[in-house]
Amino acid sequence: MFAIKELKHYTIKMMILGLIWESTVGIFCRGKSTEFEVVSVPECDSVDSNHFTNSDRLGYSKINRKGVSLDQWNLTSQKLIDSFPLDPITENYVRQVRDCIFSAVHPEPFNSAVKLVAVSKEVVEDLLDLDLSITETKEFIQFVSGAQILAGSVPLTHRYGGHQFGIWVGQLGDGRAHLLGAYTNRHGIRWELQLKGSGKTPYSRDGDGRAVLRSSVREFLCSEALNYLGIPTTRAASLVVSNDDIKRDQFYNGSVKNEKGAIVLRVAKSWFRFGSLEILAYSGETELLRKLVDFIIKLHFPLINVTSSNRYLEFFAQVVTDTSYLIAQWMSVGFAHGVCNTDNFSVLSVTLDYGPFGFMDFYDPNSVPNTSDDEGRYKIGNQASVGRYNLDKLRKALKSLLNHKQQLLAEQILKGYPDLYQTKLMELFKAKLGLIGHDNNDDYLIAYLLKLMEDTRADFTMTFRQLSEITQQQLAANSISEEYWAIQDLARHKKFSYWINLYLSRLNRNKLDSDEARKIRMENVNPRYILRNWMAESANKKSERSDFSEVRLLQKILRHPFSKQTEAEEAGYSSRPPSWARELRVSCSS
């Protein structure tokens with residue numbers, strides 16, 4: 001929460017909101033996605049089998065102009081190895097590491113059969129320049145499960161630290177992830193490929209280096225879903241599952257169970273996070289910190305002159321802007337990350353490290369998706385203020401690179417964060433309500449609606465979506481049929497008619513607008529489908545029985561979250577959430 005403001009006769013809780021970085025693909029501009037259809041369930045043989053066969057096809061359309069062999073595919077770790085000193089200890093055991101950014105460690109292949117659960121066609125073809133047919137080969141399964149290292153790849157694990165739940169915990173690092181290398185595609189865009197769940201590293205602490213199927217399914221689906229919502233995120237190329245037994249106490253109550261192990265191949269422009277800089281600052285490794293920040297600026301912030309004496313200040317200012325925008329976008333779709341530690345915040349301001357996340361069903365700013373978060377530190381309404389907290393830790397990590405004047409300017413930049421954030425989320429919510437231009441009462445109109453939604457526990461996603469689909473005439477006549485069930489819930493509030501009158505009056509002030517144009521405009525920014533916890537849970541329950549049909553159905557549906565889809569309607573993905581959804585719990589254990 002940002003502040004509590006008196007709005008006429010209501011006390012309206014105002015969320016901190018955000019500033020958009022116009023060079024990012026945002027919520028207002030979305031291209032059309034290539035259509036594809038899943039027609040069968042792929043079953044991929046064990047990578048340990050002497051006879052690898054895969055008679056089932058993934059069912060995607062083939063684009064033969066892509067690469068069809070990994071032998072001709074240029075994956076390399078050289079830029080990172082040339083840029084930074086490596087951990088001189090080559091043995092793989094848990095330890096404190098100093099004076100380096102990476103340790104060279106190979107993944108640990110599973111002992112049992114490995115099956116391909118899902119593949120992102122867009123990541124494979126559009127980002128990595130590979131023909132989708134390659135995902136049906138043994139070499140691909142071996143690659144994405146960590147059983148085969150390609151020429152040019154030197155697997156690396158990253159050293160970083162972090163503030164977790166407000167406490168500096170020192171060294172963290174990639175405890176179950178291996179960076180396989182980078183690929184520069186035909187558009188000149190460099191992508192780093194990382195396996196998650198691929199075995200122990202020097203940073204595993206007490207962990208086993210593995211990820212279980214349920215959390216891996218959630219990560220694969222949500223990273224792709226946020227991408228199609230227009231929200232900056234890491235991507236997921238593939239998901240494989242094994243029959244290896246992974247022991248987990250899911251809710252930390254002493255109930256340890258065997259679960260299936262899984263690996264996600266994740267793709268991002270960079271995996272550096274706030275904690276990457278913090279560990280160097282806390283360890284007094286100033287020159288290595290300078291080298292790392294210069295590397296990040298040169299590779300990922302082209303508008304900043306890497307020779308400028310103000311480059312670190314400009315870098316910080318850009319991260320403040322971009323982070324505020326990212327969190328504003330989260331809030332605009334009701335997404336709670338769940339664990340907003342500094343080690344989970346990307347310096348490129350993309351959504352990073354999916355764990356106990358959650359999309360709100362009914363609107364509740366106190367919603368806490370993570371059952372391990374007893375104090376509600378990372379409740380959805382607190383994400384913006386936590387973002388500022390994390391940015392302050394980043395500012396302190398950069399302090400040794402700034403002169404006194406620059407340090408004062410960094411403090412001033414951070415003080416501007418709440419106003420930037422407030423301005424942007426209001427802009428996002430104005431778009432969600434179809435408002436054009438500026439009106440002095442727009443903030444009031446938006447905040448009033450959120451208060452009504454909170455009082456009536458109206459569904460967040462479907463309230464905005466149904467306001468996008470219903471006509472002004474129906475609203476004016478209070479003719480709200482059952483298909484608009486979320487608005488019906490909202491209409492129970494005694495102040496609903498008052499708000500509707502304000503809203504319709506404001507829409508009438510949209511210049512050169514029509515009701516049909518408004519509806520189209522709103523439908524393009526208000527999703528009909530999000531990855532609700534109950535949907536992910538349903539897919540996971542089936543996955544436990546080796547039935548991945550709902551994983552693929554959700555993947556297909558969530559690629560087009562703004563378009564009404566027959567299969568999604570039949571599955572109930574836009575219906576009132578089932579009653580059992582209220583009892584769902586998600587924890588950090590994965």
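Biologist: How many of the 15 residues of H11 are buried?
Modeller: This is a predicted model, and H11 covers residues 442-456. The helix is largely enclosed by the rest of the structure, because the buried residues in H11 number 13 of the 15.

Biologist: Is Thr456 buried or exposed?
Modeller: Thr456 lies in helix H11. Apart from its neighbours within four places in sequence, Thr456 is in contact with Asp489, Leu490, Arg492 and His493. Buried means under 20% relative accessible area. Thr456 has a relative accessible area of 10%, so Thr456 is buried.

Biologist: Which residue just after H11 takes a positive phi?
Modeller: Most residues other than glycine have a negative phi. Just after H11 the backbone takes a positive phi of about 55°, and the residue is Arg457.

Biologist: In which loop is Ser349 found?
Modeller: Ser349 is not a glycine, yet its phi is positive, near 60°. Ser349 counts as buried because its relative accessible area is 5%. The loop that holds Ser349 runs between strand S13 (335-336) and strand S14 (358-359).

Biologist: Leu512 has a positive phi too; is Leu512 buried or exposed?
Modeller: The phi of Leu512 is about 50°, although Leu512 is not a glycine. Leu512 sits in the loop between helix H15 (496-507) and helix H16 (515-523). Exposed means over 50% relative accessible area. Leu512 has 92% relative accessibility, so Leu512 is exposed.

Biologist: Which residue in the turn between S6 and S7 has a positive phi?
Modeller: Strand S6 (residues 161-164) and strand S7 (residues 167-171) run antiparallel and are joined by 3 bridges. Gln164 stands opposite Ile167 in S7. The two strands form a hairpin with 2 residues between them, and the turn residue with a positive phi, about 55°, is Phe165.

Biologist: What separates the C-alpha atoms of Ala177 and Ser198?
Modeller: Ala177 is in strand S8 (residues 177-184), and Ala177 counts as buried because its relative accessibility is 5%. Not counting residues up to four places away in sequence, Ala177 touches Leu156, Thr157, Gln194, Leu195, Lys196, Ser198 and Thr201. Ala177 and Ser198 are 21 residues apart along the chain, and their C-alpha atoms are separated by 5.9 Å.

Biologist: How many residues of strand S11 are buried?
Modeller: Strand S11 spans residues 235-248 and is mostly covered. S11 pairs with strand S4 (residues 114-119) in the antiparallel sense. S11 is also joined to strand S12 (residues 257-268), which runs antiparallel to S11. Of the 14 residues of S11, the buried ones number 11.

Biologist: How many bridges join S11 to S12?
Modeller: One of the paired positions is Ala236, whose bridge partner in S12 is Arg266. On the S4 side, Val114 has Ser242 of S11 as its bridge partner, and the pairing of S4 with S11 extends over 5 bridges. Between S11 and S12 the number of bridges is 10.

Biologist: Which residues touch the most other members of the largest nonpolar core?
Modeller: Nonpolar side chains tend to be buried together in soluble globular proteins. The largest nonpolar core here has 124 residues, and those touching the most other members are Leu277, Phe315, Trp499 and Tyr503.

Biologist: Which helix gives the largest share of this core?
Modeller: The core in question is the one of 124 residues. Its largest share is 11 residues, and they come from helix H7 (residues 311-332).

Biologist: How many residues are in the second, separate core?
Modeller: The second core includes Val123, Leu130, Leu193 and Ala237.

Biologist: What percentage of the residues of the protein count as buried?
Modeller: The secondary structure comes to 19 helices and 14 strands. The accessible surface is about 23400 Å², with 49% of it belonging to carbon and sulfur atoms. Of the 590 residues, the part that counts as buried is 60%.

Technical notes. Residues are numbered from 1 along each chain as its sequence is written. This is a predicted model: local features need pLDDT of at least 70, side-chain atom pairs count only at pLDDT 80 or more; totals for chains, interfaces and linings use all residues. Side-chain values use heavy atoms; hydrogens and water are left out. Helices (H or I, at least four residues) and strands (E, at least two) are DSSP runs, numbered from the N terminus. Buried means under 20% relative accessible area, exposed over 50%, partly exposed in between (1.4 Å probe, protein chains only). Contact means heavy atoms within 4.5 Å. Two strands pair if DSSP finds at least two bridges between them. Accessible areas come from the Shrake-Rupley method with a 1.4 Å probe; for residues, only the protein chains shown count as cover. A nonpolar core is a set of buried Ala, Val, Leu, Ile, Met, Phe, Trp, Tyr and Cys residues joined through side-chain atoms within 4.5 Å.
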